[in-house]
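Hi,

Here is the structure I said I'd pass on. Have a look, and then read on for what turned up in it.

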Amino acid sequence: MTSGMTITPAGTLRGFTLTTFASGFSNTANVGPIGIAYTTLGEVLVTDHDFAGAGSMLYRFPSHADNQVATPGLVVANYAFGDATGLAQIQVGSDYHFYMGQTTANQIVEIDRNGVVLQTIVSMSDPFGLAPYPPPPLGAVGPLTGHLFATDGTQRIWDVDPQTNSKTLFKNTGKDVDGIAFSPSGATVYVALPSDDVIRAYNTTTKLLIWESTTPVGFDLPDGLAIGLGTLTGYIYVNCCDGDVWEFGLPDGPHPGVTNQIATGGTRGDFIAVDPNVWSGGSFPSLLLTQTDDVLRMDPPGGGWFGPPTSSTAPVIELGTSFCFGDGSLPTACPCALPNTVPNPPAALGHGCANPQNLDGALLSATGATAPDSVRFGVYVSSVYVGFGLMLKGDANAAGGVASADGVRCADGQLIRFGAHYAATNGAPQGYWTYPNTVQTNAVSIQTAQPPGQTAYYQLFYRSTLANFCTAATTNWSNGIQVVWP
C-alpha cells in the first residue's frame, strides 16, 4: 500500500507540502526502502531492505523526478536479506564514493553506482544509520574530514575512516540508536533513540551530551534526522517509524523548546535524505522520507531548506552551481570591517557579504529546468529592508572575486542585465522574492539568447543603504549561480 501521509494543519500553516518521489517497493516484512544516495549523473540510488522477501535490493532511478515506480528493471544489485540498509556518500574529487550498511553480514561496504561491492570498510554489528561528516566550507577541515559516523545495534556511535578502513568508538549511548545527522558545521552530531523516544545531541570534539529533546504527546519511535536551514534554521526534523514527521526547536536556535507535528498518517518512517539536486516550491533542497513501500518528498516553505548537504563541497547543490560566497572561501574577502569585528563576511555560509539590515547577506537561488527553459531566480534576505535589486548575467567567472562596493563580484566578461525587482515591504521578518520571468525569455528580449553549451554566471546587485556601514557605497552583491545551458 502507498503511504497515506498528509501534512498536518500546523505543517500546512508553515508552508510544507508532500509529493511522492517513488512508489512500488517490496515490503513483505513491512520494511521497504531505507537508504538513499545520489550519483553525479543525476541518478538516485535507493536500498530496499525487504526482510522476509527474496533479499535486499539496490534500485537506481534515472532522475530526481517525482512519481517514479520501483520496477524490477531498475534493480541493479541483489544482496542477502538485510544487507542493503543505510547509504552515505562522500565527494572525492569530482565523483562520489558510496557506502552501505549490511546488517546481516555485520559490515559497512563501499559500492559503486551499479551496486558492486568494491571493498569492506569495517566490520560492525548491525550498522543502521550512516552520515558523512560535513565537508568544507560547511565543516571545518580537521581530523573528521572525510569520515562517516555510524550507529549500530549495540547502542554505539562509531567514527569510521574509509581511507584507513578503521573505526573508533565515538560514544556508547547506553540506549538503542538509529538515525543520525550532523549540524552544518560538524560541531554537533544528532542521533535518534527510538527506545526512549528522544533525540540527543553530542559535541563532536568533547563527545559530551549537550542536549536531549522532550517527548511530546504522540512522538514515537524517532528515526531519520535532518537539520533545517534558511528560514528553518534552529529546527531539526524527525521521520518516525509510526508514520509521523516532527519538528523540534534546538536550544541554540531561535525556537528553543518548540515542537510541531508536520506530517502524519504514514505507513512507516525510516531514514531521511536531503535531496541536493531538486529544487522545491520553496526553491531549496527538499527531504526524501522513506516509508513502507514508497519514498515521499517533503518540500519546505520559501526561504527554507534542509541540510547539511548530502556529500558535496558546495553549501547547496542546486540548479546550476552556487559560487562566489562572502564567507572567506574566496581569495577576495568582503571589503571592510563591521564595527568592532573582522571584515564583513555574512553570518550565513554560502551567502553574499553582509549588509547593514541583513548580516546574513543575500542568498541567490535558482529553480526550474534549462530544457525547456523554466528557470526562475529567487532572493532570500532576512530583512525586508533590502531595496532595489538588479539581476546580471556574465559570460565569464572572475574566480577569485573582485571587491565591489560592500560586496564581492564574480560574474564577469560581458555583463548583461535582464531583470530588476524591489524587495517586499510588508514588515515580515523574512523576505523572499523572485524574478518571475524565465531567463531565456528575458535573454531573447535583449538579443542575448544562450548559445548551446554556454555557461552563464548570474549575480544580484542590490541597494542596501547606509553609506557609513562599510564603504561609502550603498550597494552590495549576493552569491552567484552558475548555469550550463544545453
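Below are my notes on confidence and on the cysteines.

First, keep in mind that this is a predicted model. The chain averages a pLDDT of 81, and 79% of the residues score at least 70.

- Cys-324 and Cys-410 have their sulfur atoms 2.1 Å apart. The torsion about the S-S bond is about 80 degrees, so this link is right-handed. It joins the loop between strands E29 and E30 to strand E34, 86 residues apart. Cys-410 is buried, at 0% relative accessibility.
- Cys-334 is bonded to Cys-353, also with an S to S distance of 2.1 Å. Here the torsion is about -90 degrees, so the disulfide is left-handed. Both ends sit in the loop between E29 and E30, 19 residues apart.
- Cys-336 pairs with Cys-470, with the sulfurs 1.3 Å apart in the model. Cys-470 lies in the loop between E37 and E38, so the pair ties together parts 134 residues apart in sequence. Cys-470 counts as buried at 19% relative accessibility, the cut-off being under 20%.

What about Cys-240 and Cys-241? Their sulfurs are 7.5 Å apart, which is too far for a bond, and Cys-241 is in no disulfide. Cys-240 is buried, with 0% relative accessibility.

Cheers

How values were computed:
Residues are numbered from 1 along each chain as its sequence is written. This is a predicted model: local features need pLDDT of at least 70, side-chain atom pairs count only at pLDDT 80 or more; totals for chains, interfaces and linings use all residues. Side-chain values use heavy atoms; hydrogens and water are left out. pLDDT is the predictor's confidence in each residue, from 0 to 100. A disulfide is a pair of cysteine sulfur atoms within 2.5 Å. Helices (H or I, at least four residues) and strands (E, at least two) are DSSP runs, numbered from the N terminus. Buried means under 20% relative accessible area, exposed over 50%, partly exposed in between (1.4 Å probe, protein chains only).
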